[in-house]
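Here is a short briefing for a first look. Keep the sequence and the 3D view open while you read.

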Amino acid sequence: MQGLPLQFTNVSKAFSIKGKALPVIDNLSLDCPAGSFTALLGPSGCGKSTLLRLALALESEDSGSLRIGGDSPRSICRSGAVGVAFQDAALLPWRSVEENIRLPFEVLGRKRPDPEKINGLIELVGLKGFEKARPGELSGGMRQRVAIARSLATEPRVLLMDEPFGALDLILRRQMNLELQRIWSAKRPTTLLITHGIDEAVYLADRVIVLSPRPARVLADIPVSFSRPRGAELLRDPAFHHVCDRIAALLDPETSAASAAAETAALDAAPVAAPAKAGTTA
Amino acid sequence: MTRFGDHLATGVLILLLLAAWEVAGQLKLVADGTLPPLSAILLRLAAEWREYWPHVAATLYTASLGFLIGNAVALAAAVSFCLWPVAERVFRGVNIAAFTVPPIALAPVLVIALDGETARITLAALLVYFPTMTAALAGLRSADPRAVDLIRAYGGGPLRTLWLLRLRAALPAILSGFQVAAPAAVLGAVLAEFGSGARWGLGTFLLGSLGRAEPDRLWGIGLTATAIAGLGYALSATLAARTTSLNRAVNIGITGPEPETANEAPLRRALLLAAAILMPLLIWQAMLFWADLSPIIAKTPMGVIDYLITGKTAASAQTRLLAALAETVPITIAGMLLGLGFAFALALLSFAAPLLMRALLPFALVTQTMPLVALTPLAVLILGRGITVTLVITISVTFFAAFVVLAQGFAMIPKAAFDLVDAYGASTLRKVRLIAIPASRQWLFVAARLALPKALLGVMIAEWLATGKGLGNLLNQSRGYLDYGMIWTVAVVSILLSVLLYQLTPVLEWVGRSDRRVR
Ligand SMILES: Nc1ncnc2c1ncn2[C@@H]1O[C@H](COP(=O)(O)OP(=O)(O)OP(=O)(O)O)[C@@H](O)[C@H]1O
Ligand SMILES: [Mg+2]
């Protein structure tokens with residue numbers, strides 16, 4: 001199972017609030033090659049979740065086009081090739097952890113996955129012993145982990161995650177990051193991860209996209225080429241911090257404009273050499 | 001407090017209220033003994049048990065079949081309306097008509113058209129249909145939109161969403177619909193027996209006992225009907241309590257938007273409205289065609305128009321009708337506002353003082369099943385024949401359905417919402433103001449929809465049996481004179497009037513609409 005390429009081409013989207021148009025995405029193009037890992041960063045309310053909802057055919061774009069594996073998002077979603085973890089866990093309160101993880105199979109009309117596999121996923125997200133618990137009996141972070149397990153259950157070829165680790169403590173977050181990296185390396189689903197954690201984005205992704213405040217445009221497209229598997233020692237690497245600092249400067253409204261101009265110049269001058277002259281590059 | 005302690009306290013409270021009744025009865029405190037002591041009622045009941053039981057069996061049979069059929073139709077309808085919102089709008093007229101047609105006016109007509117037993121079951125089913133349908137539809141539509149998104153993201157269509165999410169999410173609402181429907185089925189059965197000349201049934205029994213001026217017998221029959229209804233109510237309530245706690249969303253819940261109608265083409269809107277108005281007429285005509293009755297008894301829509309507008313009866317009919325409406329309309333509006341206010345107050349009480357509420361509930365239930373026809377003579381003795389008696393009866397018909405829906409709404413408020421204000425040490429009063437009232441708003445509209453058309457029914461029953469005024473009296477007189485034209489006219493006009501009242505809810509809803517589009 002190979003990942004599927006994900007392409008946004010000149011996508012625009014506006015909502016209307018009380019009759020007034022609210023442009024949320026402005027002529028955005030983004031190309032995620034098959035099997036790539038892309039992290040999406042941007043200020044709160046800029047339109048990240050909306051982008052994800054477009055890719056799931058939950059909203060329709062006003063103009064531009066959206067392709068997953070050359071097909072429309074709707075038909076790809078129907079085929080079960082896409083896994084998703086929303087910002088809210090969105091668990092069904094009357095179903096147990098197990099049953100919630102199994103839900104996508106029922107939606108897709110597939111036969112029940114074998115219990116071994118579900119148990120494996122539950123173990124993966126550290127919820128062993130809670131198989132039969134209901135969402136109401138779990139903590140916020142535990143619920144989020146159920147949602148992560150659920151997004152992985154169908155072995156998707158495209159994995160869309162919206163701040164999946166938002167409610168986790170630092171240690172657990174690192175642990176989940178490692179697991180996600182492992183799964184991604186093994187199965188290579190095309191992954192789009194929305195996050196507010198700059199270090200998390202750089203740690204996990206091949207490439208970090210920084211979006212502008214609403215309406216969202218691509219402010220910078222920063223390749224990250226540290227070798228894999230990436231371990232805890234990367235977090236102490238000065239090159240790592242250098243990349244993080246550049247992204248932070250882009251996200252800070254005070255320094256954003258200047259940094260963006262610099263990024264563009266750097267990209268134009270030397271498209272390949274630009275990213276952190278990282279000593280760790282393989 | 002422990003669960004056991006809760007039950008104990010509720011039990012003690014109920015006993016206290018019963019003791020108060022006994023004392024009031026013994027001392028003839030209420031209107032010269034119209035309220036007999038409980039012991040006298042029960043003793044009489046025990047002594048006459050043999051006489052009761054064939055009546056009980058007949059009513060139980062009619063009510064249960066009506067309950068089953070009415071609910072089956074209601075659920076099928078709610079699911080269809082959820083899947084095809086257009087269908088709901090086309091059938092809106094039929095729904096309201098089914099809900100608002102005064103059972104007492106309908107019973108004799110049904111008995112002519114169908115055989116007796118079928119007519120009685122139909123009436124019981126008719127009273128069951130609307131509360132379950134509305135509650136179920138609201139429940140189906142209230143499913144967590146984030147979960148809907150999730151299922152859609154995995155390519156699930158409307159049917160999968162229905163099956164995996166909406167039906168289960170609607171379960172508490174459906175069961176709360178049953179809670180209203182159970183007493184309604186009994187009331188429908190009793191009213192139908194009352195008006196259909198059945199041989200057996202509590203309604204028949206009641207009719208035979210009315211002339212004898214024996215309050216303890218009347219109360220005995222009323223309490224028996226209450227016990228039957230209470231059984232159905234308790235069953236649904238128990239099931240509802242189980243599912244509700246599981247259904248509470250774990251995060252602060254967001255309800256999905258109602259199907260969009262704001263930017264709809266005017267032509268389409270007009271067509272749908274026309275369809276909604278024509279549909280009941282079509283069904284009316286079709287049923288008469290199918291039943292094959294004499295046009296003297298069974299008036300078609302054209303027959304009613306002829307009677308009221310174009311025929312030679314028109315002048316007299318119009319004068320009588322307008323005079324009746326002038327008396328009925330103002331008091332209906334007053335009654336429905338009071339009924340709704342009372343329901344809201346009760347629901348708040350049940351939220352703020354659940355214990356007291358649970359003790360009061362059985363007594364509230366009595367007003368629902370204690371057949372109005374039996375209650376009204378007693379109410380007249382206590383309150384006289386003035387405006388008060390009409391208002392009290394109207395409140396008693398309107399408040400219960402509204403109350404159940406509101407209380408359910410309060411119970412569905414997610415825990416997280418309260419945790420938030422609890423954290424700031426909010427008093428109960430403040431919790432009510434900040435969370436309970438705003439969060440129950442959507443339920444208030446459902447409640448209003450249930451209450452508004454019922455108000456007219458209450459007023460008409462009171463007018464018929466107590467005050468001798470208005471539309472209710474006109475209907476009663478027409479039955480006496482075998483003036484079938486007027487019977488049909490009153491039925492049609494009262495339905496139209498209720499439709500008008502029902503249309504007030506969307507207006508209210510529109511006014512109260514400020515926080516709908518949250519995601
Ligand atoms: N259904 C909707 N109707 C109207 N406006 C919407 C809707 N959904 C989102 N918006 C608006 O679109 C903008 C972007 O929302 P979105 O949820 O995509 O932001 P985000 O980048 O995911 O933010 P965050 O990081 O806080 O999750 C917001 O300003 C929001 O108000
Ligand atoms: Mg978001």
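Predicted model: local features only at pLDDT ≥ 70, side-chain atom pairs only at ≥ 80, totals over all residues.

Chain B is built with 23 helices and zero strands. The structure holds zero disulfides over all chains.

**Chain B overall**
- Chain B has 519 residues, and 52% of them count as buried.
- Take the contacts in chain B with a separation of 6 or more: 79% of them join residues 24 or more positions apart.
- The accessible surface of chain B is about 23,400 Å². Carbon and sulfur atoms supply 71% of that surface.

**A buried lysine**
- B:Lys299 sits in a loop of chain B. Helix H12 (266-291) and helix H13 (301-310) lie on either side of that loop.
- B:Lys299 is buried, yet it has no salt bridge.
- The nearest side chain of opposite charge is B:Asp306, 6.5 Å away. A salt bridge needs the charged atoms within 4 Å.
- Leaving out residues up to four places away in sequence, B:Lys299 touches B:Trp284, B:Leu288, B:Val304, B:Tyr484, B:Gly485 and B:Trp488.

**Cysteines without disulfides**
- Across all chains, the count of disulfides is zero.
- A:Cys77 is in no disulfide. Its nearest cysteine sulfur belongs to A:Cys32 and is 15 Å away, while a disulfide needs the two sulfur atoms within 2.5 Å.
- A:Cys77 is buried, at 1% relative accessible area.
- A:Cys244 is in no disulfide either. The nearest cysteine sulfur, from A:Cys46, is 19 Å away.
- A:Cys244 also counts as buried, with 10% relative accessibility.

Methods: Residues numbered from 1 in each chain as written. Chains lettered and ligands numbered in written order. Heavy atoms only, no water. Helix = DSSP H or I, 4+ residues; strand = E, 2+ residues; numbered from the N terminus. Buried < 20%, exposed > 50% of the residue type's maximum accessible area, 1.4 Å probe, protein only. Contact = heavy atoms within 4.5 Å. Areas by Shrake-Rupley, 256 points an atom, 1.4 Å probe, with all protein chains shown as cover. Lys, Arg positive; Asp, Glu negative; His and termini not counted.
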